[in-house]
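Dear colleague,

Please find the structure below, followed by some notes on what was found in it.

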Amino acid sequence: MQFNQGADAKMGGSKITIADIPFFNHLDAGDIMAVSQHLQALSFAAEDMLFYQGDPPNGLFLVTSGSVKTYVYAPGTTKKVVVKLVKAGDYLGEFGLLDGMPRSASAMAEVPTDVLLLPSRAFEVILNARPSLAKAVYQRLMEMIREQNKDPMLLQESEALAAKGGEPPSSEMLKNLCGILRKINFKKLQR
């Protein structure tokens, strides 16, 4: 793994911008600039691990080139079950970024891969300083719940949380929405 500090505009030599990453496409220019100032460029060789299931979260990974395979082990076996293939222009690690829970899957670079890392601590600082960012993240989490969810009870739970929320959404609300998304993903793996 190679590390470069100050990845504010480089995006790994790619034409992908932060605004192109779905997690951030609700942000205004000021929020994008605030996030950009904290990004760290990392490069991984094929089969390098970004993180392992159970690791403490360290931030959000924005894939700018290459691809990352996320996987879990089937219960009671050593068989890897692929959860998702994350390609350039997508992201991983958002749940841990928001709720601080250990990594729910392992992540390995499939091919040489460049990412931008938004460290958890930096995100917390930005989130507290910029209420518009909290609102944008909230909107993205609600979109994810609506897109992924087939369980009316979980959808109802997320809508109830939304109704209770203030303006801007609290970090506790964002954590709770991540909890709902973790439940959805766990149910998918059970099938």
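In these notes a residue is called buried when under 20% of its relative accessible area is left, exposed when that value is over 50%, and partly exposed in between, with a 1.4 Å probe and protein chains only. This is a predicted model, in which local features need pLDDT of at least 70 and side-chain atom pairs count only at pLDDT 80 or more, while totals for chains, interfaces and linings use all residues. Residues are numbered from 1 along each chain as its sequence is written, and side-chain values use heavy atoms, with hydrogens and water left out.

Threonine 113 counts as buried because its relative accessibility is 1%, and this residue lies in strand β9, residues 113–119 (strands are DSSP runs of E with at least two residues, and helices are runs of H or I with at least four, numbered from the N terminus). Leaving aside residues up to four places away in sequence, threonine 113 touches Leu42, Ser43, Phe44, Val63, Ser65, Gly66, Ser67 and Val68, where contact means heavy atoms within 4.5 Å. A polar atom of the side chain of threonine 113 also lies 3.1 Å from the backbone oxygen of serine 67.

Glutamate 47, by contrast, is placed in the loop between β2 (40–44) and β3 (49–51), and it counts as exposed because its relative accessibility is 58%. Most residues other than glycine have a negative phi. Glutamate 47 is not a glycine, yet it has a positive phi of about 75°.

Best wishes

Methods
A polar contact is a pair of N or O atoms within 3.5 Å; within protein, one must be able to donate a hydrogen and the other to accept it, and residues adjacent in sequence count only if both atoms are side-chain atoms.
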